[in-house]
Amino acid sequence: MPDALSPIPPIGIFDSGVGGLSVLRALRRRRSDIPLLYVADSGHAPYGDRDPAHALQRSIRVTEHLMAQGARLIIVACNTATARAIDTLRQRYPEVTWVGVEPGVKPAVQHSSNGRIGVLATPSTLSSPRFDSLIDRFAQGCEVVRVPCQGLAAAIEKGGPSDPALDPLLDRYCAPVIQAGADTVVLGCTHYPFVAERIAARLGPQVQLLDTADAVAAHALHLWPNCSGQRIPRETQAPVRLETTGDATVLARLAREGLGLDIPVHAIDL
């Protein structure tokens, strides 16, 4: 266990792209005194529109990079990578404390008044055994509208959350939820909270949107002292490091617009 003079181990966070910044934002709001290391694997995105083996292969590669930088707690801030890789990661790297993200099916069912919920997610997430298990455990007796949002995460990466080119995609993917009369909708990809206002405008005020980023952050922070062996004074302002395997300007823009973080983004080759 490290002593008080040892370097503070960062919380590692990774996603197939910029979407996991929604989790980083939730962490930062709760605690600014813990170092954070974020990797956007944008050069190998999207995970959710490709073969499941791709998400596993890339998750292993990024994990080894984060571990080499000292991360002992890693948040898989990607629904697709959680669905396709986290079980293998836990077995392969038992020395790491793992936190995954999953569509908030359980809270959606609890919040729904009419028993109809929508889940917006990538095709890979919605077709995974892990998602089927969520439905079996928590949504028996409910109507679950699965909406595979092909290309939406990639479009958010390319143009940013305010890009008008997203309009046709958002119209298309909100339509099945409206048609079904769902009163609760799960944002099942960490990219989607950045366009939550635009989704809400289409669905109307009678539909509640659920994003699990804050719950994920709270869980990670609960586990963190046990992995780090340290408790940092609350007045400490810890660094945030942003890395990407893709275009650094994309990550820098969303960090600035979505988090108010105007810091350098480091391009890496993994």
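Several elements cover the buried residues of helix 2 (52-68) in this predicted model. They include strand 1 (11-15), strand 2 (36-40), strand 3 (73-76), helix 3 (79-92), strand 4 (97-100) and strand 9 (240-244). Which residues of helix 2 are buried? They are His 54, Ala 55, Arg 58, Ser 59, Ile 60, Val 62, Thr 63, His 65 and Leu 66. An α-helix has 3.6 residues a turn, so residues three or four places apart point the same way.

Helix 2 has 17 residues. From its first C-alpha to its last it reaches 25 Å, close to the 24 Å expected at 1.5 Å a residue. Asp 51 caps the N-terminal end of the helix. A side-chain oxygen of Asp 51 lies 2.8 Å from the backbone nitrogen of Ala 53. Just after the helix comes Gly 70, with a positive phi of about 100°.

Strand 1 is one of the elements that cover helix 2. Five of its five residues are buried. In a regular strand the side chains alternate between the two faces of the sheet. In strand 1, Ile 11, Ile 13 and Asp 15 point one way. Gly 12 and Phe 14 point the other way. Strand 1 pairs with strand 2 in the parallel sense, over five bridges. Ile 13 has Tyr 38 of strand 2 as its bridge partner.

Next comes the loop between strand 1 and helix 1, where Gly 20 is found. Is Gly 20 buried or exposed? Gly 20 is buried, because its relative accessible area is 0%, and the cut-off for buried is under 20%. Ile 13, Asp 15, Tyr 38, Ala 77 and Thr 190 all touch Gly 20, not counting residues up to four places away in sequence. Ala 77 is 57 residues from Gly 20 along the chain, yet their C-alpha atoms are separated by 4.9 Å.

The largest nonpolar core has 34 residues. Ile 11, Ile 13, Leu 21, Leu 24, Leu 27, Ile 75 and Leu 242 have the most contacts inside it. Strand 1, helix 1 (21-30), strand 2, strand 3, helix 10 (213-228), strand 9 and helix 11 (248-259) each give two or more residues to this core. Helix 10 gives the most, with seven residues.

Leu 242 shows some of the contacts in detail. Leaving out residues up to four places away in sequence, Leu 242 touches Leu 21, Leu 24, Tyr 38, Leu 251, Ala 255, Ile 263, Pro 264, Val 265 and His 266. A second, separate core has 24 residues. Val 145, Cys 149, Tyr 173 and Ala 182 are among them.

Val 119 has Val 186 of strand 7 as its bridge partner.

Technical notes:
Residues numbered from 1 in each chain as written. Predicted model: local features only at pLDDT ≥ 70, side-chain atom pairs only at ≥ 80, totals over all residues. Heavy atoms only, no water. Pairing = 2+ DSSP bridges. Helix = DSSP H or I, 4+ residues; strand = E, 2+ residues; numbered from the N terminus. Expected span 1.5 Å × (residues − 1). Buried < 20%, exposed > 50% of the residue type's maximum accessible area, 1.4 Å probe, protein only. Contact = heavy atoms within 4.5 Å. Polar contact = N/O pair within 3.5 Å; in protein donor to acceptor, adjacent residues only side chain to side chain. Core = buried A, V, L, I, M, F, W, Y, C linked by side-chain atoms within 4.5 Å.
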